[in-house]
Amino acid sequence: MDKQKKKEIKKSEKGKGKKQSSMIAEITNGMVNKNLKSKEYEVIWDSKISGFHIRFNVRSATYRFVKSVPGTSGKKKFFRDIGRHGAYTTEEARVIAKEFDANLAKHGVPDKRRDGSISFRKYIEECYEPYQLRKATGKQTLQMLYNGFPDLMDKSICKIGPEDLWMWFDKQQSMSQLPRSKNQKNKTTEPRSFATILRYFGAAKGLLSHAAKNGVLEKNPWTGLKLDKPAIKDNGEKDTLLRAQRRALNEEEIRGFFEGLKRYQEFRRVQRDNSIEHGKKDLLDLRLLPFVDYVCPWLLTAYYMGFRPGDIYSLRWEQVDFKKGFVTKVIEKTRHVYPLAQSFYMKKAYSCELLKWHKQNGSPEGGWVFPSKVTGNVMSSNAIDAQWAKVKEFGGLDPSLHIYAFRHNFATQQILAGVNLFSVSKSLGHLSIQTTVEHYGHVDPYVQKDALDSIKAFEIT
């Protein structure tokens, strides 16, 4: 009897705290925010638009639209996730729900598996785009679909088969990339790399899986298909050029780099002195600051950390630990494959310079390390280009020296110092040591010779 009573007490206690399943009312932002705190309802159905509702989870809420409408094969349920509260306001979600409702009233839900009425492009625009825009990398995925599959855009999605993939793959290996901007119209571009082709393939395969999940396709026609890596071609001059670029900077270039930084700083200070002398007394005297602008700490980050430009632009103060001497961040280039943060050691010389920049900016606890002066957000991808050209000019460096030279220098200096390739791979943020071997395995041809020469030999005669 005692055990039975305990069970009854537990059931009654559970019932007391249980939230009501749903309510019908005109959904507003205030109502949603209030329910997120009180957690009174699991679902709130909108009283104005049939099928429009918001479902509450433990920490968030998602706007949705669901409705049963007649189709060519009887009644069919139409369901779409609109997006999370916060990413969309109630009014924005309501507008999308109205569009869904109007389209259903006009066209209904056809049995797309039979009539093939929906094209690849239409499925992206009507079904896949809202789904992808809720993701951090959704815009990139959509851009890959629009740019990478122009021949499939007007084709019925239910008529896409394996033969379309093989035709696309053959074309990708020979075609040149389209210019990214108006300024690149006359720029010669190379065929997409195999890694890039795989990313485009993954984007399209994901869309087809989404269509199969929503019942538009019986199954994903590209499931189980794999792209074989092309045979290595004899690229002679190109391989020689790439290997020449992936090298350590020589002493003269390193001296020129630091001299260029000093002269750039002095150049900017003289400019400011002249402005102050000509009446602009309210301007800050740059001689009172360790850095005249972001250029010096930005380039020192490239030199000491070996980061790609994208990882420098996206660097945040929350990712920098001055006490432990590490930067911990997700690598931008491989974020879509490996979204976990990696730790990178800061050399003391660099840590001291970055700390000066931190103090110069008021010792912020968070935010971008190199924010745009105009927007306060991430800088544009070519923001450093003009200043880097100035530094090269002041340091007497080769004008063609690319910003990536610092990353190549960072890798090759370690290899030449005898650091094993696994450690070098980790310091570069490579997901696979094979990438490091392919790019930098050629750096010191004497490493293997020294290793083999170290093997003891004994005379047997």
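**Entry 1: helix H6.** I looked up which residues of helix H6 (residues 138-148) are buried, and found Gly-138, Thr-141, Leu-142, Met-144, Leu-145 and Gly-148. Buried means under 20% relative accessible area and exposed over 50%, with a 1.4 Å probe and protein chains only. They cover an arc of only 155° around the axis, which puts them on the same side of H6; the arc is that of the directions from the helix axis to the C-beta atoms. On the other side of H6, I noted Lys-139 and Gln-140 as exposed. Helices are DSSP runs (H or I, at least four residues), numbered from the N terminus.

**Entry 2: source.** I recorded that this is a predicted model, in which local features need pLDDT of at least 70, side-chain atom pairs count only at pLDDT 80 or more, and totals for chains, interfaces and linings use all residues. Residues are numbered from 1 along each chain as its sequence is written, and side-chain values use heavy atoms, without hydrogens and water.

**Entry 3: H10 and H11.** I read an angle of about 165° between H10 and H11, with axes 10 Å apart; axes are lines fitted to C-alpha atoms over the stretch in contact, and angles run from 0 to 180 degrees between N-to-C directions. H10 and H11 are therefore roughly antiparallel (over 145 degrees).

Methods
Helices (H or I, at least four residues) and strands (E, at least two) are DSSP runs, numbered from the N terminus. Angles under 35 degrees count as roughly parallel, over 145 as roughly antiparallel, 65 to 115 as roughly perpendicular and the rest as oblique.
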